[in-house]
Amino acid sequence: MELESGERRGYIIRRFKESDLDRVIYINRRCLPENYTPDFFLYHYREFPDGFLVAEIDGTVVGYIMTRIDRGGILPQPFSREFGKVKGHVISLAVMPHARRRGIAESLMREAIQNIRSRGVKEVYLEVRVTNNPAINLYRKLGFKVVNVLRRYYADGEDAYVMSLRMD
Ligand SMILES: CC(C)(COP(=O)(O)OP(=O)(O)OC[C@H]1O[C@@H](n2cnc3c(N)ncnc32)[C@H](O)[C@@H]1OP(=O)(O)O)[C@@H](O)C(=O)NCCC(=O)NCCS
């Protein structure tokens, strides 16, 4: 369904392949200050292949989304209400500037959320810079709500909103 509507608009959404790695790293560095090692990308792909998707126009990857499924944190906090909760987590999302505003990020998000949901997970969350209005608008459009503010979350000192989508 998503795929067809994307195809009509000139792009396809498909699962990441290891041969996409260099291009995804290029897009990440071109679009975001938060950059990761090749191993970080491959680790997430191998852990949850359906959660790592790319968008392609005429055979060229122009955007990606990388997600994971968090299982209550690496360091459990037994007294936290969040302890043990399984949640989808959007780690990184970017679309090349020339390919923006045609629904690609929205399609990547919808498909990744669907794949998270098909694992029986009932909530997806993400962090976003408080000044990143394009991304905040996208997440609100999909039903995400701000549930927390993380002060000085980013390396340059900017705050993050934590936004969450519940799918009960
Ligand atoms: C945020 C980003 C991924 C959006 O990608 P995109 O493919 O252009 O987004 P879409 O075309 O799917 O837009 C879907 C919705 O997002 C919102 N949106 C997207 N770009 C927007 C902009 N420049 N200004 C305001 N709202 C915007 C709108 O609500 C839009 O819906 P609409 O077209 O019905 O108005 C892209 O701008 C990007 O890569 N930015 C740099 C990296 C980044 O910020 N990543 C997210 C980090 S949390």
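Hi everyone. Let me start with a definition: two strands count as paired here if DSSP finds at least two bridges between them. What we have on screen is a predicted model, so please keep that in mind as we go through it.

With that in hand, let's look at a pair of strands. β6 and β7, the latter covering residues 160-166, run antiparallel to each other and share five bridges.

How many strands does the open sheet have, and in what order? There are seven, arranged β1-β2-β3-β4-β5-β7-β6, and the pairing is mixed. At the edges stand β1, residues 12-15, and β6, residues 145-150; each has a single partner strand, so one side of each lacks a neighbour in the sheet. On average, neighbouring strands are turned by 25° against each other, direction ignored. Back at β6 for a moment: is the strand well covered or hardly covered? Hardly covered, as the number of buried residues among its six is zero.

Next, the helices on the sheet. Helix α2, residues 21-31, lies across β2 (52-57), β3 (60-71) and β4 (86-95), at about 90° to β3. Helix α4, residues 104-117, lies across β1, β2, β3, β4 and β5 (123-129), and runs at about 30° to β3.

α2 also has a helix partner. It packs with α3, residues 38-47, at an angle of about 115°, and the two axes are 10 Å apart. The crossing is right-handed. Which residues meet there? From α2 we have Leu21, Val24 and Ile25, and from α3 Pro38, Phe41 and Leu42. By class, that contact has six nonpolar residues, no polar and no charged ones.

Last stop, the ligand. It is surrounded by 20 residues, and the closest are Arg100, Ala105, Glu106, Pro134 and Leu138. In terms of elements, β4, α4 and α5 (133-141) each supply at least two residues of the shell. Which of them gives the most? That is α5, with six residues. The shell as a whole divides into 11 nonpolar, four polar and five charged residues.

Key. Residues numbered from 1 in each chain as written. Predicted model: local features only at pLDDT ≥ 70, side-chain atom pairs only at ≥ 80, totals over all residues. Helix = DSSP H or I, 4+ residues; strand = E, 2+ residues; numbered from the N terminus. Axes fitted to C-alpha atoms, helices over the stretch in contact; angles between N-to-C directions. Contact = placed C-beta atoms within 7 Å. Near = placed C-beta within 6 Å. Nonpolar A, V, L, I, M, F, W, Y, C, P; charged D, E, K, R; others polar. Left-handed = near helix turned anticlockwise from the far one by under 90°. Buried ≥ 20, exposed ≤ 12 C-beta atoms within 10 Å, placed from the backbone.
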